[in-house]
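Welcome! Take a moment to look over the chain before reading on, and keep the picture open while you go through the points.

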Amino acid sequence: MTVLDARALNRATLARQLLLDRADLPVLDAVAHLGGLQAQEPQEPFIGLWSRLRAFDPAVLSELLTGRRVVRTHLMRRTVHLVTADDLVAWRARHDAMLRQRVLGTYRRELEGVDLGELAAAGRQVMADGQPRSMGDLARAVAGRWPAAGLRPLGEMLVAGLLPMVQLPPRGLWRTTAGVRYALVSSWLGREIDPPDPDGSDPVGQALVRRYLAAFGPAASADLRAWCGLAGLPAAVSALREELVAFRDERGRELLDLPDAPRPDLGTPVPVRFLPAFDNAILGYHDRGRIIDDAHRGLSVEGARVVLVDGRVAATWKVEADTVLVTLLRRFSRADRASVAEEGRAVASFLSGGESDRVRITSSSG
């Protein structure tokens, strides 16, 4: 079985993630191809798409949100993701059990004695009028029945675990700050989520495997679980084995992939890329060594924005007073520093609407 080293996996990941060459895909198609973008920080998906798409116009993504073709919702790993409306409708039921269990993992003691079926029914009754509500307003509306549970546990179980909900605009629109208001998927999209498959064949699980490998492969089953949070996909993987190809990584793990998916040559040049906080190019794997060194792994869960140089995390970045501040994590060659500065100026211009292209680069020691 062919062994793929970290560099081979790096190049494959960058190609699947649209980070080798900016793509000409429409924004909706890019969101679908990526299987969604992590979006608990509302402005970060705009940076993620700007780094992946040629001539990206953030107004288009805002229009997709207000036009109800893209939505913000709790889905993979119970984190807020930006996904297409079609994917939410198709995938949500397959995530239901995981979402409930993850909320219970945080609030099991507080929710002890709460019948989740009754809580879901109470929440649906409140939301049946179609009016958007904050999580706190929804929790207060049902709290009289379960006063000991507390508002936060009740609210999180309702909006993230029990009821298929979306976060409504203006939350998540370009350069907009807004609180979180929720509506039922059925109210916002005018359609119900697809029910679970009655015969147990799990076509949604199989679709998730294919979609994950298209955007993240080659990958191990543990990587797939790390991306979606679902533990129950071995049957879907087994059902697809005959149409997949297999490799090994340097640790001996089996990696699966779609046979015709891109796996670029090791020498493929990689441009500098600025990634947003919590980008799935990093978080979409259990073994993140293909893109980030173990010494810097913590950055991926701390919400640091990172810079890829030769396809690997080599710096962090943030914005202060319309200036992109880059902090190096290792020594840079003069050419690398120049490339980072050039891309940094482009990021600054994008984020400031063309009013600034200032960038400053420092080492981690200042």
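Predicted model: local features only at pLDDT ≥ 70, side-chain atom pairs only at ≥ 80, totals over all residues.

**Helix H15**

- An α-helix has 3.6 residues a turn, so residues three or four places apart point the same way.
- Just after H15 comes Gly 353, whose phi is positive, at about 65°.

**The nonpolar cores**

- In soluble globular proteins, nonpolar side chains tend to be buried together.
- The largest nonpolar core here has 40 residues, and those touching the most other members are Leu 49, Phe 56, Phe 274, Val 307, Val 326 and Val 340.
- Several elements give two or more residues to this core, including helix H2 (27-33), helix H3 (44-50), strand S10 (305-309), strand S12 (323-328) and H15.
- The largest share comes from H15, with 5 residues.
- Apart from this core lies another, of 38 residues, and among them are Trp 91, Ala 183, Leu 233 and Tyr 285.
- What does Val 326 touch, leaving aside its neighbours within four places in sequence? Its contacts include Phe 274, Val 307, Trp 317, Val 340 and Ile 361.

**Aromatic rings**

- The count of aromatic pairs comes to 11.
- Trp 50 and Phe 350 form a stacked pair, 5.4 Å centre to centre with 20° between the planes.
- This pair links distant parts of the chain, with Trp 50 in helix H3 and Phe 350 in helix H15, 300 residues apart.
- Phe 46, Trp 50, Phe 56, Trp 174 and Phe 350 form one aromatic cluster.

**Charges over rings**

- The charged end of Arg 22 sits over the ring of Trp 50, 4.5 Å from its centre.
- Arg 68 lies over the face of Trp 188, at 3.5 Å from the ring centre.

**A look at Ser 62**

- You can find Ser 62 in helix H4 (residues 58-66).
- Why does Ser 62 count as buried? Its relative accessible area is 12%, and buried means under 20%.
- Leaving aside neighbours within four places in sequence, Ser 62 is in contact with Phe 46, Leu 173 and Trp 174.
- The side chain of Ser 62 reaches the backbone nitrogen of Trp 174 at 3.0 Å.

**A look at His 33**

- His 33 lies in helix H2.
- Not counting residues up to four places away in sequence, His 33 touches Arg 16, Leu 18, Ala 214 and Ala 215.
- The side chain of His 33 reaches the backbone oxygen of Arg 16 at 2.6 Å.
- The C-alpha atoms of His 33 and Tyr 182 are separated by 26 Å, and these residues are 149 residues apart along the chain.

Notes:
Residues numbered from 1 in each chain as written. Heavy atoms only, no water. Helix = DSSP H or I, 4+ residues; strand = E, 2+ residues; numbered from the N terminus. Buried < 20%, exposed > 50% of the residue type's maximum accessible area, 1.4 Å probe, protein only. Polar contact = N/O pair within 3.5 Å; in protein donor to acceptor, adjacent residues only side chain to side chain. Contact = heavy atoms within 4.5 Å. Core = buried A, V, L, I, M, F, W, Y, C linked by side-chain atoms within 4.5 Å. Phe/Tyr/Trp six-rings, centres within 6.5 Å; stacked < 30°, edge-to-face > 60°. Lys NZ or Arg CZ within 6 Å of the ring centre and 35° of its normal.
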